[in-house]
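Please open the structure in your viewer and keep the selection tool at hand. The tour below goes from stop to stop, saying what to select and what is to be found there.

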Amino acid sequence: MQWRRTDPVQTVDALIAIGASAVDAMAAGLAGKTGVFRTLKVELGDDWAVLFAASVPDVDEAVLPHLAGVTPLYRAARDFWLPVGVAMAVPDHARDLLLRAMLDHYCVALPAIAVPRFAEGQPNTGEADLYLIRDPVPFSQSALSQRRVAT
Amino acid sequence: MHVSAERQRVITGAVSQVNAHLDALSAQFVSRRALLELVMLGLISREHVLLIGPPGTGKSAAVQAIAASVDAVSFEYLIGRFTEPSELFGALDLAALKDGQVKPVTQGMLPEADIAFLDEIFLGSTAILNSLLKILNERTYRRGQYSMKTPLISCVAASNAMPEDTLLAAFADRFLLTMFVDPVGEHELPELLRSGWAAAGQPAPIAPIGKAVIAELHEAALAIDLSGVHEAYAHIVRKIRLTGVTLSDRKIVKGQKLIAAAALLRGATAAGPEDLWPITYLVQSKAQQEEARETLAAELKHSFNPVLADSLGHATYGPTAHAAHLADQATALLESRPALVTDPLHEIWLVRLETMLTRIDAAFDAKNLPQQLRAIRGSLETVLEAHSNGATAKDAAPEAVSAETA
């Protein structure tokens, strides 16, 4: 699969923290937020965590907190997210097919997040890290909220 | 329209080849992928491209690179006020003249070129422009009774500015695609310097793409089914014309070739709403192109093309429009502040402010933050900080926003 940098004009739909310190910062940041943000769902992996936007009562739009050290994501396809400013560099008609082939190749399934690795200044890349979403739960009930207590 | 599997395979291969070719070419430049894509779109649709921008923005270098990387006969010339027609079209054949025939020696000259690049096009004399007009429109070069068909695929012309003279403007209208080329952004200067220094050596050679590949794609583009977009295209043309932009009937008819080529390079056999974005390049004024992008934000929001991603981004809702959109939304949000801090909606308002801040920071880092958003972002931060510090934030917004953004 090829990935390409593009204008970062997509609507942010999730935030991913990659690396232990970023995850700690996300946990700490979320714990200090208003209750509405603590109802948003998170998925915690090994040294990564993702927070998904959601609509809350009285607000038509999906909401997300402002957190430092995270990468904003957008929904590039059903159950598939990419960083804002990155797109799949494949023809439209082949996108779903190639996405499925890529997931099959690694014996994984959607929902998933791909974070391509770009060398500095390079507009394209063929390398990406995949993060699999399995059981997102509200932050307040998540291991991520406990993680902050532990630290 | 039915396309055989074998033919589809050939076309898909050609599209991949064009994509890889654009990747290799754009790697030699900073921020010129959109320009290269547009020239490629011109080649595939056999239409002419006009590049307008200040000197030193890499127009010539990019066009030279793409011309050199296509296995075709190219002709390049910097036109001046005193350029003679013979410098472009060839001098008279003296031997033929002795026999009473007026016949130019066109070998190696523009009439025999597949791709032409003419810098400072509008400095050409009337005689030059008249001959060019016939070549551009009819692919025919005529001198007196002498006439020949030219193999011209596409002519790319460059100028520092659009002409104000009406006759020259009419000539400029023959170029279907117009791109306004700006210097690279300040945040890209280090990359520009690195790239420029590397290019001072010998740029890596790029395997040329065959003229036959371009011809194959042109034929395939002509077979694209446009029936699904005629209504939407007509709607967009009406909308553009309502803003005061002159789009000739000839131009909008030819514009269909661009839509077809865009659909082809997307891998489709029928054009859809995602292929209408090249329309922006029909507009020949920088301000009006900008306006067209804004006006057509809704109509072109489905635009998609993995091969022509940058020229698409340039033609549609790009960072400038996104910044304006975010600024409008954020300003409206700041102005909708509930009167009482005890109002339950006040917390929701703060949540929405924070979401807006996240959206702004996702699109623009501190270095690239447009001026119009800088002040608004500052106000968002002030309100949120004041709230988190336990203050009422009463003085922070929206009055402060109005003052800062005025």
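Bear in mind throughout that this is a predicted model. Begin with the largest nonpolar core, which has 151 residues, and select Ile16(A), Val50(A), Val39(B) and Ile66(B), the members that touch the most other members. As a general background to this stop, nonpolar side chains in soluble globular proteins tend to be buried together.

Next, move along chain B and select helix H15 (residues 344-363) together with helix H16 (residues 371-388), whose axes come within 10 Å and cross at roughly 140 degrees. Because of that angle, H15(B) counts as oblique to H16(B), and the crossing of the two helices is left-handed. To see where they meet, show the side chains of H15(B), including Leu350(B), Leu353(B) and Leu357(B), and those of H16(B), among them Leu373(B), Leu380(B) and Leu384(B). Glu354(B) in H15(B) and Arg377(B) in H16(B) also belong to the residues listed at this meeting.

Finally, turn to chain A, where an open sheet of three strands has the order E9-E1-E11, with antiparallel pairing. Strands E9 (86-88) and E11 (124-125) of chain A stand at the edges, each with a single partner strand, so one side of each has no neighbour in the sheet. Select strand E1 (residues 3-5) of chain A, which three bridges join to E9(A) in an antiparallel arrangement. Which residue of E9(A) is the bridge partner of Trp3(A)? Select Met88(A), and that partner is before you.

Definitions and conventions
Residues numbered from 1 in each chain as written. Chains lettered and ligands numbered in written order. Predicted model: local features only at pLDDT ≥ 70, side-chain atom pairs only at ≥ 80, totals over all residues. Pairing = 2+ DSSP bridges. Helix = DSSP H or I, 4+ residues; strand = E, 2+ residues; numbered from the N terminus. Core = buried A, V, L, I, M, F, W, Y, C linked by C-beta atoms within 7 Å. Buried ≥ 20, exposed ≤ 12 C-beta atoms within 10 Å, placed from the backbone. Axes fitted to C-alpha atoms, helices over the stretch in contact; angles between N-to-C directions. Parallel < 35°, antiparallel > 145°, perpendicular 65-115°, else oblique. Left-handed = near helix turned anticlockwise from the far one by under 90°. Contact = placed C-beta atoms within 7 Å.
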